[in-house]
Amino acid sequence: QLQLVESGGGLVQPGGSLRLSCAASGFTLDRYMIGWFRQAPGKEREGVSCISSSGGVTDYVDSVKGRFTISRDGVKNTVYLQMNSLKPEDTAVYYCAASFLRTCGGSGSLHYNGMDYWGKGTLVTVSS
């Protein structure tokens, strides 16, 4: 069974940090572009970051640039999203997704359409 499982969410104070993990089972992430997406209550799902299959290309939505870092570990078959200097507006359910054909970087690379596999999400709450 092909699965993506997110973990690492939780409650954190403004200015704090969290590291989200996206672990795959049933397939190897090395051949896939991986994206992180988030959806806040009452809002549309938005792309946060992506990383190419090689790890050589990354992209970020403007609101998280300089604060979030995406990375991948081929040995652990896992992709990470390090989130620093968290703000209340980062509160959302965070999802990871994998695409075999889509690329990271360039126009539209953070759109949620066309992803092949999705995890069920992990909740991040930033509040004092």
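A residue counts as buried under 20% relative accessible area, as exposed over 50%, and as partly exposed in between. That puts S85 in the partly exposed class, because its relative accessible area is 39%. Keep in mind that this is a predicted model.

**Loop residues with positive phi**

- S85 isn't a glycine, yet its phi is positive, near 50°.
- You'll find S85 in the loop between β8 and β9, with β9 covering 92-99.
- N77 is another non-glycine with a positive phi, this one about 55°.
- Look for N77 in the loop that links β7 (68-73) and β8 (78-83).

**Strand β5 and its partners**

- β5 spans residues 46-51 and is mostly covered, with five of its six residues buried.
- On one side of the pairing list is β4 (residues 33-39), which runs antiparallel to β5 and is joined to it by five bridges.
- To spot that pairing on screen, go to W36, which sits opposite S49 of β5.
- The β4–β5 hairpin has six residues between its strands, and G42 in the turn shows a positive phi of about 75°.
- β5 also pairs with β6 (residues 58-60), again in the antiparallel sense, over three bridges.
- In that pairing, C50 has D59 of β6 as its bridge partner.
- β5 and β6 make a hairpin too, with six residues between them and a turn glycine, G55, whose positive phi is about 85°.

**The nonpolar core**

- The largest nonpolar core holds 36 residues, and the members touching the most others are L4, W36, F68, V79, L81, M83 and Y94.
- Strands β3 (18-25), β4, β5, β7, β8, β9 and β11 (122-126) each put at least two residues into this core.
- β9 gives the largest share of the core, at five residues.

**M83 up close**

- Which residues does M83 touch, leaving aside those up to four places away in sequence? The set is G16, S17, L18, L20, R67, F68, Y94 and V124.

Definitions and conventions
Residues numbered from 1 in each chain as written. Predicted model: local features only at pLDDT ≥ 70, side-chain atom pairs only at ≥ 80, totals over all residues. Heavy atoms only, no water. Helix = DSSP H or I, 4+ residues; strand = E, 2+ residues; numbered from the N terminus. Buried < 20%, exposed > 50% of the residue type's maximum accessible area, 1.4 Å probe, protein only. Pairing = 2+ DSSP bridges. Core = buried A, V, L, I, M, F, W, Y, C linked by side-chain atoms within 4.5 Å. Contact = heavy atoms within 4.5 Å.
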